[in-house]
Amino acid sequence: RVGNYRGENIYNWKGDNVGYTAVHDWVRKWKGKPSMCEGCGRDGFSSRAIHWANIDHKYRRVLEDYIRLCSKCHGEFDVERGLRKHIV
């Protein structure tokens with residue numbers, strides 16, 4: 001095949017109509033794996049201890065809408081916005 005078969009040009013592109021895991025995989029593809037938390041400033045986290053957190057919780061393909069947060073800061077971020085009742 002000839003052409004650019006990435007993103008919107010691929011036959012099964014779904015845009016923002018994808019699940020939680022697929023959009024986070026997309027963010028990791030473009031922004032990489034985070035290691036430093038933007039909340040507390042700590043660095044050197046393993047992949048399970050830090051996340052790409054979605055700011056507006058709409059899970060769209062907007063790279064600027066994702067920040068790096070460690071598990072603790074992610075929980076606090078969600079509690080402050082009423083998305084969780086307590087930090088796990």
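His24 is found in helix H1, where helices (H or I, at least four residues) and strands (E, at least two) are DSSP runs numbered from the N terminus. His24 is buried, at a relative accessible area of 8%. Buried means under 20% relative accessible area, exposed means over 50%, and partly exposed lies in between (1.4 Å probe, protein chains only). This is a predicted model, in which local features need pLDDT of at least 70, side-chain atom pairs count only at pLDDT 80 or more, and totals for chains, interfaces and linings use all residues. Residues are numbered from 1 along each chain as its sequence is written, and side-chain values use heavy atoms, leaving out hydrogens and water.

**Contacts of His24**
- Leaving aside neighbours within four places in sequence, His24 is in contact with Trp52, Tyr59 and Tyr66.
- Contact means heavy atoms within 4.5 Å.

**The largest pocket**
- The largest pocket has a volume of about 260 Å³.
- A pocket is an open set of points on a 1 Å grid over the protein atoms alone, where a 1.4 Å probe fits, with protein on both sides within 12 Å along at least five of seven lines; a cavity is a set from which the probe cannot get out, and lining residues have an atom within 4 Å of a point.
- Grid points are joined across faces, edges and corners, and the volume is the space filled by probe spheres set on the points.
- His24 is one of the lining residues, along with Tyr20, Thr21, Arg28, Lys33, Pro34, Ser47, Ile50, His51, Trp52 and His74.
- H1 gives the most, with 4 residues.
- By class, the lining has 4 nonpolar, 5 polar and 2 charged residues.
- Ala, Val, Leu, Ile, Met, Phe, Trp, Tyr, Cys and Pro count as nonpolar, Asp, Glu, Lys and Arg as charged, and the others, Gly among them, as polar.

**Nonpolar cores**
- The largest nonpolar core has 9 residues: Cys37, Phe45, Ile50, Ala53, Ile67, Leu69, Cys70, Cys73 and Phe77.
- S1, strand S2 (66-70) and H2 each supply at least two residues of this core.
- S2 provides the largest share, 3 residues.
- A second, separate core of 5 residues includes Val23, Val27, Trp52 and Tyr66.
- A nonpolar core is a set of buried Ala, Val, Leu, Ile, Met, Phe, Trp, Tyr and Cys residues joined through side-chain atoms within 4.5 Å.
- Not counting residues up to four places away in sequence, Cys73 touches Cys37, Gly39 and Cys40.

**Salt bridges**
- The structure holds 6 salt bridges, each a side-chain nitrogen of Lys or Arg within 4 Å of a carboxyl oxygen of Asp or Glu.
- Asp25 and Arg28 meet in one of them (2.5 Å, N to O).
- Asp25 and Arg28 are 3 residues apart in helix H1, so about one helical turn separates them.
- Asp25 is partly exposed at 39%, and Arg28 is partly exposed at 35%.
- Glu76 pairs with Lys72, with the closest N and O atoms 3.1 Å apart.
- Both lie in helix H2, 4 residues apart, about one turn of the helix.
- Glu76 is partly exposed at 27%, whereas Lys72 is exposed at 56%.
- Arg84 forms a salt bridge with Asp78, with the closest N and O atoms 3.1 Å apart.
- Arg84 is partly exposed at 29%, while Asp78 is buried at 6%.

**Lys85**
- Lys85 sits in the segment after helix H2 (71-80).
- Lys85 is exposed, with a relative accessible area of 83%.
- The C-alpha atoms of Lys85 and Gly75 are separated by 9.6 Å, and the two residues are 10 residues apart along the chain.
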